Amino acid sequence: MLGPRVWSSVRQGLSRALSSTVGGWASGEGRKVDISGIYPPVTTPFTATAEVDYGKLEENLHKLGTFPFRGFVVQGSNGEFPFLTSSERLEVVSRVRQALPRDKLLLAGSGCESTQTTVEMTVSMAQVGADAAMVVTPCYYHGRMNSAALIHHYTKVADLSPIPVVLYSVPANTGLDLPVDAVVTLSQHPNIVGIKDSGGDVTRIGLIVHKTRRQDFQVLAGSAGFLLASYAVGAVGGVCALANVLGAQVCQLERLCLTGQWEDAQKLQHRLIEPNTAVTRRFGIPGLKKTMDWFGYYGGPCRAPLRELSAAQEEALRLDFTSNGWL
């Protein structure tokens, strides 16, 4: 495992981060890195004894690598990161980096509850190969997570991160939206490049795009269910759980939107709504992993306390795919 070695060098990494210039991470003269495109949020495979199965992880990545994704999100919500140890989170990122071509961006979920721990995790993930850090809102004390607290948190993380930072708002899991006024303020930070917004409120996504239009700041939709609508209001891509099983179709929807083929895009989007809901809000990660098994990937079990689907739930999940022509 890489954990002990990595954690012993965190202080040295922080020192390097403090002395590095953010401009070195720009994609061009005066510009931040471009994160536009489609990203599957990679699941974490487990063995029957709940150990991380790194061999199956690499097999899945090789299969997913046949699609024109911009990159991969690792240790996001679909990676079950709250159930992994710090060393496991870092080892997963390291293994993914080793398996990916260098032209694929690796966005690593480095969010933790405290600012200090988030900084340490972000620096460590940079050391094992992450290209950018996707930082979820701290939420345990969500009643105190107002705009001022969140601006302070993300500013400190971005100041000390040696890689670009992507904000991550996922209210279904955290119980809070990253406020629009906080997003607008944070968009001005030279090392904050965008946001993944999983709330599903397209008017909010459009408002963020509008209010950050003078900044070099990009918005990613957090689900395939509202991908077309997000493109229509100015988003530049998506982090889509459904891309783990319908990668070609999600990439096709991206292409149709980008080339202005809105009628065909609408037809495809309609057929993706029910399957997307099934592997996100309705059945969650157990549903996504079961579907991966059907489509030739390794889904396997989740870590407890997440449980496998019942027979009735599995039947309902299958129906959402077959009724739309995907199985």
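## The cavity lining

Five nonpolar residues, six polar residues and one charged residue line the largest cavity. This picture comes from a predicted model. The structure holds one cavity of 30 Å³ or more. The volume of the largest cavity is about 40 Å³.

Most residues other than glycine have a negative phi. Gln 75 has a positive value, near 65 degrees. Gln 75 sits in the loop between strand S2 (71–74) and helix H4 (86–99). Is Gln 75 buried or exposed? Gln 75 has a relative accessible area of 2%. Buried means under 20%, so Gln 75 counts as buried.

Glu 80 is found in the loop between S2 and H4. The relative accessible area of Glu 80 is 1%, so Glu 80 is buried.

## The largest pocket

How many residues line the largest pocket? The lining has 39 residues. Ser 77, Tyr 168, Val 170, Ala 172 and Asn 173 lie nearest the centre of this pocket. Helix H7 (171–174), H12 and H13 are the elements that give two or more residues to the lining. H12 provides the largest share, six residues.

The volume of the largest pocket is about 890 Å³. By class, its lining has 19 nonpolar, 16 polar and four charged residues.

## Helices H12 and H13

Helix H12 covers residues 262–282, and helix H13 covers residues 284–294. Their axes lie 6 Å apart. The packing angle is about 135 degrees. How are the two helices set to each other, then?

On the H12 side, Ala 278, Val 279, Thr 280 and Arg 282 make the contact. On the H13 side, Gly 284, Gly 287, Leu 288 and Thr 291 make the contact. Three of the contact residues are nonpolar, four are polar and one is charged.

## The second largest pocket

In the second largest pocket, H13 gives the largest share of the lining, four residues. This pocket has a volume of about 270 Å³. Its lining counts 14 residues. Gly 300, Pro 301, Cys 302, Arg 307 and Glu 308 lie nearest its centre.

What is the make-up of this lining by class? The second largest pocket has six nonpolar, one polar and seven charged residues in its lining.

## A cis peptide bond

Most peptide bonds are trans. The bond that joins Ala 304 and Pro 305 is cis. Its omega is about 15 degrees. Where is Pro 305 placed? Pro 305 is in the loop between H13 and helix H14 (311–322).

Notes. Residues are numbered from 1 along each chain as its sequence is written. This is a predicted model: local features need pLDDT of at least 70, side-chain atom pairs count only at pLDDT 80 or more; totals for chains, interfaces and linings use all residues. Side-chain values use heavy atoms; hydrogens and water are left out. Axes are lines fitted to C-alpha atoms, for helices over the stretch in contact, and angles run from 0 to 180 degrees between N-to-C directions. Contact means heavy atoms within 4.5 Å. Ala, Val, Leu, Ile, Met, Phe, Trp, Tyr, Cys and Pro count as nonpolar, Asp, Glu, Lys and Arg as charged, and the others, Gly among them, as polar. Buried means under 20% relative accessible area, exposed over 50%, partly exposed in between (1.4 Å probe, protein chains only). On a 1 Å grid over the protein atoms alone, a cavity is a set of points where a 1.4 Å probe fits but cannot get out, and a pocket is an open set with protein on both sides within 12 Å along at least five of seven lines; lining residues have an atom within 4 Å of a point. Grid points are joined across faces, edges and corners, and a volume is the space filled by probe spheres set on the points.
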